[in-house]
Amino acid sequence: MIFKVLVFGVVAYLVYKFFFNKKNKIGKDENEKIEDVMTPCPTCGTYISKDEAILSNGKYFCSQKCLNK
Ligand SMILES: [Zn+2]
């Protein structure tokens, strides 16, 4: 009887984990879409994603070179 309860618990946990992970993945994709915004470099005008840009004084620079200009 205890064994049956344990098996049920493990199955319930796996099902819960599966749905939880699925939900998380969808949420992550949505976040990535929002964060993947292209912004022009104020020095050279090249469009770069904010993820790869260097943030300085509220401006996104494409490279250290442009940042120091
Ligand atoms: Zn630049």
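## The zinc site

Let's start with the metal: the site of the zinc ion is tetrahedral, with angles of 101 to 114° among its four donor atoms. For comparison, the ideal angle at a metal with four tetrahedral donors is 109.5 degrees. Keep in mind that what you're looking at is a predicted model.

Which residues hold the zinc ion? It is coordinated through the SG atoms of Cys-41, Cys-44, Cys-62 and Cys-66, at 2.3 Å. Written along the sequence, the spacing of these donor residues is C-x2-C-x17-C-x3-C. Two of them, Cys-41 and Cys-66, link distant parts of the chain, sitting 25 residues apart. Cys-41 is in the loop between strand E1 (38–40) and strand E2 (47–49), while Cys-66 belongs to helix H2 (residues 64–68).

Are these two cysteines buried or exposed? Cys-41 has a relative accessibility of 3%, so it counts as buried. Cys-66 is buried too, with a relative accessible area of 7%.

## The chain as a whole

Now step back and follow the chain. It has two helices and four strands, and from the N terminus on they come in the order α-β-β-β-β-α.

How much of the chain is buried? The figure is 10% of its 69 residues. The accessible surface comes to about 6,200 Å², and carbon and sulfur atoms account for 62% of that. As for contacts between residues at least 6 apart in sequence, 5% of them join residues at least 24 apart.

## Thr-39, a buried spot in a strand

Thr-39 is worth a look if you're tracing strand E1, where it has its place. With 14% relative accessibility, it falls under the 20% cut-off, so Thr-39 counts as buried.

What does Thr-39 touch, once neighbours within four places in sequence are left aside? Its contacts are Thr-46, Tyr-47, Ile-48, Lys-50 and Tyr-60.

Most residues other than glycine have a negative phi.

Terms used. Residues are numbered from 1 along each chain as its sequence is written. This is a predicted model: local features need pLDDT of at least 70, side-chain atom pairs count only at pLDDT 80 or more; totals for chains, interfaces and linings use all residues. Side-chain values use heavy atoms; hydrogens and water are left out. Donors are N, O and S atoms within 2.8 Å of the metal (3.2 Å for Na, K and Ca); water is not among the atoms, so sites may look incomplete. Four donors count as tetrahedral if all angles lie between 85 and 135 degrees; four count as square planar and six as octahedral if opposite donors are over 155 degrees apart and all others between 65 and 115; anything else is irregular. Buried means under 20% relative accessible area, exposed over 50%, partly exposed in between (1.4 Å probe, protein chains only). Contact means heavy atoms within 4.5 Å. Accessible areas come from the Shrake-Rupley method with a 1.4 Å probe; for residues, only the protein chains shown count as cover.
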